[in-house]
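Hi,

Here is the structure I promised to pass on.

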Amino acid sequence: MKRFGWAGLLAALLLGQETMAATKPATPLVYEIDLTNRADDQFKVTLRVNGLTADNAVYQFAATAPGTYQIMDIGRYVRAFKAFDSKGRELKTEQVSTNQWKFAEPQNVRTVQYSIAETWDTPVTEHKPYNMCGTSIENDHVLINGQGVFGFPTGMQAAPLEVKLNYPADWSVGTALDKNARGNFVAASYDRIVDSPILLGRLTKATTTVAGAQIDVYTYSKTDKIRSEQLLGSMQAMLNAAGQFLKQLPVKRYTFLYHFEDESWGAWEHSYSSEYVLKEDEFSKKVGEEVTSIAAHEFFHVVTPLNIHSELIEQFNFVTPTPSEHLWLYEGVTEWASNAMQLRGQIMDLPTYLDQQSKKISIDKQLDTTYTLSQLGLTCFTDEGQKQYFNIYNRGALVAGLLDIRLLELSKGTRGLREVVNELATTYGPNKAFPEKEFFAIFTQKTYPEIADFFNRYVKAAEPLPFTEYYGKLGINYSPALATGRKTVSRGYGVRPVEGKLILSKLSEAALRAGLQENDEWIGYNRQPLSMGNAGAVVEQMSQLTPADSYEMTIRRNGQELTIKNAMVEIDEVKRFAFQVNPQATPEQLKLREIWQKNL
């Protein structure tokens, strides 16, 4: 999953589970969802089932979902839950935990009916699901993420599903799911329905083919400012570059689902699709580039974790979240690849690529630099880990980039991280998981003994990352601080995202004199509310201010809101975490840099 500010993602192993469902026949779960009456913001779900036993006595809603790395507790959204026998008589049920309802007579259950509220507009006191991972019901569209609507009887996670959706005749439906002869959507297992979001409503559609795979784009735009053909036009070069980077796409069909409305939340990757919740704006080249950058990350997830994943992902536990130490692989390597494939596909030039690395270093420095990538993976479901989670897209990607350089150096330019990832995808693939505890050793054995030391220092531990040494091998100089000799305008403080809040840090003397303090939460700008959704636009607006311009900041401190008058300040321009091409690079450095910028 990737979130704005943001971020990113485990996807369940699907093909393997489909095989399991095929070889171990299970009673099908037949669902019907009524979307014709949407006034109360609740999904009306009917499940028809036969042959339940004592092993299926508990109906399970999801505690979490692959790729979200957060507690969801979907049972909190259930508003009514009933079971009936073959004659329509109600049977006794009992809620036995937040996410579980028990059938008193499972063998007699033929119909289960429940209403479940959408997550977007339903207030909860903690652990609100990210909107791109949630559900929404509106007059002109509906968003379904499977774990937010469907559950399953215990012991039937691998059972096939059939889903009938009742919706207005003039709506379109976007999803990676296939239909059966009855026109209903089918999924080989519960994991597959969770892995396949559904967007319905007033949508536009565009289609193309990339490396033999069909690519579909479905878009909901609140006021019709953005259309699918515009997005596909912007993404086409990136998709082509992805095909070249991967040599061939490991899927036959892939679906992009876009939702443009009032806020930007981010994206959630899946094995055969990805879904995006972004703020609507007039379509422009900039909007197209931003969407493409996000899509590049999500699209690469067709490799990790679909084709490279541990047994913890293969056997996903919807009841009790089980973290994997290899979040650095699923998200860090994916984020690195999303930029690397654009650099090598000549969509992104070298200065832009290096500027991306500088921004990632800057964010990494604002978070806990002692928090290891292994630790981040193992604590991602905890409140502690969530505070550091966004760094997987920064430090995680930076470490992947350094690993790529190290592999190219050790192989004398014949084999980088791209090549190793493609080899691992061939070795494992969607039907074979790697052992969670043995992956570092497996990777090292497949490459070079020195890589064990790399993992020990920069993944399992949190030693300072060796940008000067590693980029120096490419004839690229790195400096933590580089004076430009120019003047620039500054806010006088940094802003870091923490659990969806904007927290002030590294305040200048001028900012302290104005009355700001470290760790103030910034909630308003010139009397207008400020949030993660509009922070980017506000910062862009502030970049046009001069040192003579003042503005009001509303901050929250110790539960109290304060309004403070502040002003921009003029400072000596210092470029932080700067990369520059060395004009005196040696022939050896130039050769490795040239190889580094290409697909081998």
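**The hairpin and its surroundings**

Strands β28 and β29 make a hairpin with two residues between them, and N558 in the turn has a positive phi of about 55 degrees. Before I go on: this is a predicted model, where local features need pLDDT of at least 70 and side-chain atom pairs count only at pLDDT 80 or more, while totals for chains, interfaces and linings use all residues. Residues are numbered from 1 along each chain as its sequence is written, and side-chain values use heavy atoms, with hydrogens and water left out.

Helices (H or I, at least four residues) and strands (E, at least two) are DSSP runs, numbered from the N terminus; two strands pair if DSSP finds at least two bridges between them. Eight bridges hold β28 (residues 550-557) antiparallel to β29 (residues 560-567), with S550 opposite A567. β28 also runs antiparallel to β26 (residues 521-525), over four bridges; there E521 partners R556.

R557 makes a salt bridge (Lys or Arg side-chain nitrogen within 4 Å of an Asp or Glu carboxyl oxygen) to D520, with the closest N and O atoms 2.8 Å apart. That pair links distant parts of the chain, 37 residues apart: R557 sits in β28, D520 in the loop between α15 (509-514) and β26. R557 is buried at 17% relative accessible area, and so is D520 at 1% (buried is under 20%, exposed over 50%, partly exposed in between; 1.4 Å probe, protein chains only).

Elsewhere, shared partners join R406, E409, E469 and K473 into one salt-bridge network. The whole structure has 28 salt bridges.

Cheers
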